[in-house]
Amino acid sequence: MPTSPTPPAAAQPPFADLVGHLTRTSVLGPREAARVVAEVLAYFSESTSEFVQRRHGELQARGLTNEQIFARIAEELATRRVAAPELSARQLRRIVYG
């Protein structure tokens with residue numbers, strides 16, 4: 001009995017191998033695993049400006065001062081999956097306030 005041909009890579013959902021790995025190694029079903037992968041990819045696809053603006057708003061809502069916020073953001077940028085260039089507090093302010 002012939003096996004069905006493997007669909008071309010373009011026909012498979014993005015990161016199907018990762019989704020399959022998550023379903024085999026966790027309690028996640030295929031739909032949940034695909035959603036988790038999509039969320040992680042979206043998180044790491046933020047531009048530096050988008051990340052700085054989002055984090056500034058989150059930290060400001062917690063009541064931190066801009067001095068505290070910009071110091072923390074500078075530290076966090078260095079730990080991003082693809083590290084952003086080192087930015088000064090002045091450069092961070094320009095991203096947030098224009």
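Reader: Where is F15 found?
Author: In this predicted model, F15 is found in the segment before α1, the helix of residues 16-25.

Reader: Is F15 buried or exposed, or in between?
Author: F15 has a relative accessible area of 43%.

Reader: Which residues make a nonpolar surface patch with F15?
Author: F15, L18 and L41 make the patch, and its area is about 250 Å².

Reader: Now the inside. Which residues form the largest nonpolar core?
Author: That core has 12 residues: F51, V52, L59, L64, I69, F70, I73, L77, A84, L87, L92 and I95.

Reader: Which helices each supply at least two residues of this core?
Author: They are α3 (48-61), α4 (66-78) and α5 (89-97). The largest share, four residues, comes from α4.

Reader: What is L64 in contact with, leaving aside its neighbours within four places in sequence?
Author: On that basis, L64 is in contact with L59, I69 and R72.

Reader: Let us turn to charges. How many salt bridges does the structure hold?
Author: The structure holds five salt bridges. In general, side chains of opposite charge can pair when their charged atoms come close.

Reader: Which residue forms a salt bridge with E46?
Author: The partner is R54, with the closest N and O atoms 2.7 Å apart. E46 is found in the loop between α2 (30-44) and α3. Not counting residues up to four places away in sequence, E46 touches F51, R54 and R80.

Reader: And what else does R54 meet in a salt bridge?
Author: The side chain of R54 also meets that of E58, at 3.0 Å from N to O. These two residues are separated by about one helical turn because they are four residues apart in helix α3.

Reader: What about R55 and E58, how far apart are the closest N and O atoms?
Author: They are 2.6 Å apart in that salt bridge. E58 and R55 both lie in helix α3, three residues apart, which is about one turn of the helix.

Reader: Which of these residues are buried, and which partly exposed?
Author: R55 is buried, at 10% relative accessible area. R54 is partly exposed at 25%, and E58 is partly exposed at 31%.

Reader: Which residues are linked in the network of salt bridges?
Author: The network links E46, R54, R55, E58, E76 and R80.

Technical notes. Residues numbered from 1 in each chain as written. Predicted model: local features only at pLDDT ≥ 70, side-chain atom pairs only at ≥ 80, totals over all residues. Heavy atoms only, no water. Patch = residues over 30% accessible without salt bridge, like charges linked within 9 Å, V, L, I, M, F, W, Y side chains within 5 Å. Areas by Shrake-Rupley, 256 points an atom, 1.4 Å probe, with all protein chains shown as cover. Salt bridge = Lys/Arg side-chain N within 4 Å of Asp/Glu carboxyl O. Buried < 20%, exposed > 50% of the residue type's maximum accessible area, 1.4 Å probe, protein only. Core = buried A, V, L, I, M, F, W, Y, C linked by side-chain atoms within 4.5 Å. Contact = heavy atoms within 4.5 Å.
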